[in-house]
Amino acid sequence: MPVPVCSCTGVPRHCYKWGNGGWQSSCCTTTISMYPLPQIPNKRHARVGGRKMSGSVFSKLLSRLAEEGHDLSVPLDLKDYWAKHGTNRYITIK
């Protein structure tokens, strides 16, 4: 399966691996959509953390999309699946 992307800036950008099988956006937080994300002023070479999706939620999302007949051989755009609120860390897919 290809690396997922996020197209919140209008251009698909590859997501970063995060945690145990999860993904992190390279271009958006809950309040910012830009690439690259801004640097943290008091930490050298560090950027603001993007939206995150845990590995277990990503697996559930893949299972649900496969059941619905989506083609998983093309990069999945996570733009519509990030958490819409909260701490910018975890989401729950029912």
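The model is a predicted one, in which local features need pLDDT of at least 70 and side-chain atom pairs count only at pLDDT 80 or more, while totals for chains, interfaces and linings use all residues. Residues are numbered from 1 along each chain as its sequence is written, and side-chain values use heavy atoms, with hydrogens and water left out.

A disulfide is a pair of cysteine sulfur atoms within 2.5 Å, and the structure holds zero of them. For cysteine 6, the closest cysteine sulfur belongs to cysteine 28 and lies 3.7 Å away, which is too far for a bond. The sulfur of cysteine 27 has its closest cysteine sulfur in cysteine 8, at 3.4 Å, and this too is too far for a bond. Cysteine 6 is buried (under 20% relative accessible area, where exposed is over 50% and partly exposed lies in between, with a 1.4 Å probe and protein chains only), since its relative accessible area is 0%. Cysteine 27 is likewise buried, with a value of 0%.

Serine 7 sits in the loop between strand 1 (5-6) and strand 2 (13-14), where strands (E, at least two residues) and helices (H or I, at least four) are DSSP runs numbered from the N terminus. This serine counts as buried because its relative accessibility is 15%. Beyond its neighbours within four places in sequence, serine 7 is in contact with Pro12, Asp77 and Lys79, contact being heavy atoms within 4.5 Å.

A nonpolar core is a set of buried Ala, Val, Leu, Ile, Met, Phe, Trp, Tyr and Cys residues joined through side-chain atoms within 4.5 Å. The largest one has 14 residues, and Met53, Phe58, Leu76, Leu78 and Trp82 have the most contacts inside it. Helix 1 (residues 55-67) supplies the largest share of this core, five residues.
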